[in-house]
Amino acid sequence: MPKNISEKKFSKESKYVLDEEIAKIVNISMALEMPLLLKGEPGTGKTMLAHAIAENLEMPLIVLNVKSSMKLIEALYQYDTLTRLNDSRFGDSNRDVSNIEEYIKMGKIGQAFTAENRTVLLIDEIDKADTDFQDDMLDVLDQMEFDIIETDKTVSANNRPVIIITSNSKKDLSDPFLGRCNFHHIAFPDPKMMRKIINVHFSDISSDLAENAIEAFYNVRNVESLEKKPATRELINWIRALQTDPDFKTKKLAKGNIPYLGVLLKKSQDYAQVQNHINRRRLF
Amino acid sequence: MFINFFYKLKEVGIPVSPTSFLIFHKALAKGLINSLDDFYTSSRSILIKNERYFDLFDQVFAYHFEGVEIPEYDAAEIDETAKALLEQWLKDPADIARALGIDESVLSKLTPDELIEYFKERLKEQTERHDGGNKWIGTKGTSPVGHSGTHPGGMRVGGVSQNKSAVKVAMERRYKDYSQEGPLTQAMMGEALKKLKNLIPAGAKDIIDIDETIYQTMKNAGEIEIIFKRGLKDRLKVILAIDNGGWSMDPYISVVQSLFNHSRSRFKELKTYFFHNTIYDSLWVDPGRHKVPVSIDKFASKDPETRLIIVGDASMAPYELMSRDGSIYLTHRSGIPSIERLKSLSEIFPHCVWLNPVPIYMWHYTHTIVKISKIFPMFELSLDGLEKAVNYLKAK
């Protein structure tokens, strides 16, 4: 691996507000060559972090979106039998039908391994897949190589990718899996941090609006027994909505009025609950 | 290095593996850790694999590097130790009196309750830590009294901290909220229910049937004939019957209902009905149980493959279940005892379970639970029980 790349460290970013803790953990994981497992509520920026890392380290980002039915081999490579069958039948392509390798397509992990430069490999929502997938995948990532059965060849990584794995903590991951990862849990940002995040996304926002919006947002989050609490993503969209409305006045928020509640809450039950809450508060 | 720290983590019940400890040492050896802050972040990220333990980790960290007492144990621990002292006292009063350096006769005038209070006071007074010592109270000591348990820090209460930021951070205990394991969250239950699948081909024909393709191609003398088939989709019918009468079920109704509604899209059909205590002639579509009754007889015509899930505490007066006119509502007079209705339901739907929020060890105290569990396979309404129930329902 070229020296200048291995010495790169992760520090600052453009659209992602990073606390020092995460930066440290990312650097440690890179130095130890271990995958970093990120957990946290939806909307706390797990995926964004991987993008920020890629951008910051100037490495290409390869995203593997895990699906529940996914098999490991799909993430590694695909043997396109259908095209080969088709070619053998019609023979109107330039591919050499007798050469199986022409029909092997790299999956996301395969791409990360065969890429010329070091890449950031984001394995998104690993918890969707079943346990076998997770364990097998970690084997591959540990060894940094896998076999292509059809051609009996071994693909080994040119560069060890920086591996970021995210999980929505739907279910617990297996112990051997966890043993091979570094772990970090991204807590929901506190209002101060949120202010920074908002400032990054809206450079021209008035502090009045930002403060009131954030306060209202945390009030909504604190309403009891919400099925899906609004997250950062919702707040950003909401502020965008507020900004585009010419009739909107920041005073409204201060009064406990929350326009465009539908942007924050996606479940009708939650919507009714918060609406109720607001009405009740106005009475007193 | 830091082996004590590692073992302390283990001692308080955090699953830490030696491998990860070695990895942590690798990080140390590489010179990646240069300050206490670094130590905090990196040791946590390497050693701790679940946010549930972050809070405990914070406590151990603060304890180990600053001597801040691990607080959770205090009250309980003093009680425990005081109790141990009392027991010892009852066995051999002279010994204790000698150890405490007071006259036996003074103590012997106290009632057991007063004794305990007295011991507790003495325990709180003690401000120095001493494990393994031979003074009068401590852990694992040679003194005749004291608690043999695992309290890691001895009896010191509170601690003095210097301004080191990592420790401060650890002492803030930011992860307190994550440390409690909720009994049943929707996400967890949703995960358990996910296993309840009944895959049936549905939708567009967009998946290649390899076997059939090969067969047809061969039949075609090598002319390729590609055969498509439908993908598998989850198409299961579920009937959910919830006991929503009485306060005993209140905490569970919303979670059960919203949970099934959550996974509604995955089922072909999800019907929710309500009943109170047990089922007589009909189930109710409306939660108020008076507007829309559905006669049990109508269920006979439903698909027997439908999964019937009943949620209820199955606790009631025996006559409600056994008597011919058992319903507690005067207007419901059926002539058929409820238990017969339940039996016929379980015959209509061979794939049925009863989920009971009552803890399993309490079941045999209630007559009607025993009766009903003979008709329906009964499972505890916990993550574990739910998983078992789903496994049972999955079986064809």
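Helices (H or I, at least four residues) and strands (E, at least two) are DSSP runs, numbered from the N terminus. The structure is a predicted model, in which local features need pLDDT of at least 70 and side-chain atom pairs count only at pLDDT 80 or more, while totals for chains, interfaces and linings use all residues. Residues are numbered from 1 along each chain as its sequence is written, and chains are lettered from A and ligands numbered from 1 in the order in which they are written.

B:Pro337 lies in the loop between helix H15 (318–322) and helix H16 (338–348) of chain B. A residue is buried if 20 or more other C-beta atoms, placed from the backbone, lie within 10 Å of its own, exposed if 12 or fewer, and partly exposed in between. B:Pro337 counts as partly exposed because it has 19 C-beta neighbours inside 10 Å. The C-alpha atoms of B:Pro337 and B:Ser323 are 5.3 Å apart in space, and the two residues are 14 apart in sequence.

Chain B as a whole contains 18 helices and 9 strands. Of its 396 residues, 32% are buried. Two residues are in contact if their C-beta atoms, placed from the backbone, lie within 7 Å. In chain B, 65% of the contacts between residues at least 6 apart in sequence join residues at least 24 apart.

A nonpolar core is a set of buried Ala, Val, Leu, Ile, Met, Phe, Trp, Tyr and Cys residues joined through C-beta atoms within 7 Å. The largest such core has 66 residues, and A:Leu36, A:Ile53 and A:Leu121 are among those with the most contacts inside it. A second, separate core has 41 residues, including B:Trp284 and B:Phe376.

Between the chains, 22 residues of chain B are in contact with 19 residues of chain A. On the chain B side, helix H2 (18–29), helix H3 (36–47) and helix H11 (186–194) are the elements that give two or more residues. This side has 8 nonpolar, 7 polar and 7 charged residues, where Ala, Val, Leu, Ile, Met, Phe, Trp, Tyr, Cys and Pro count as nonpolar, Asp, Glu, Lys and Arg as charged, and the others, Gly among them, as polar.

H2(B) and H3(B) also pack against each other, at an angle of about 150° and with their axes 9 Å apart. Axes are lines fitted to C-alpha atoms, for helices over the stretch in contact, and angles run from 0 to 180 degrees between N-to-C directions. Residues making the contact include B:Phe21 and B:Phe24 of H2(B) and B:Ile46 and B:Leu47 of H3(B). By class, this contact has 6 nonpolar, 3 polar and no charged residues.
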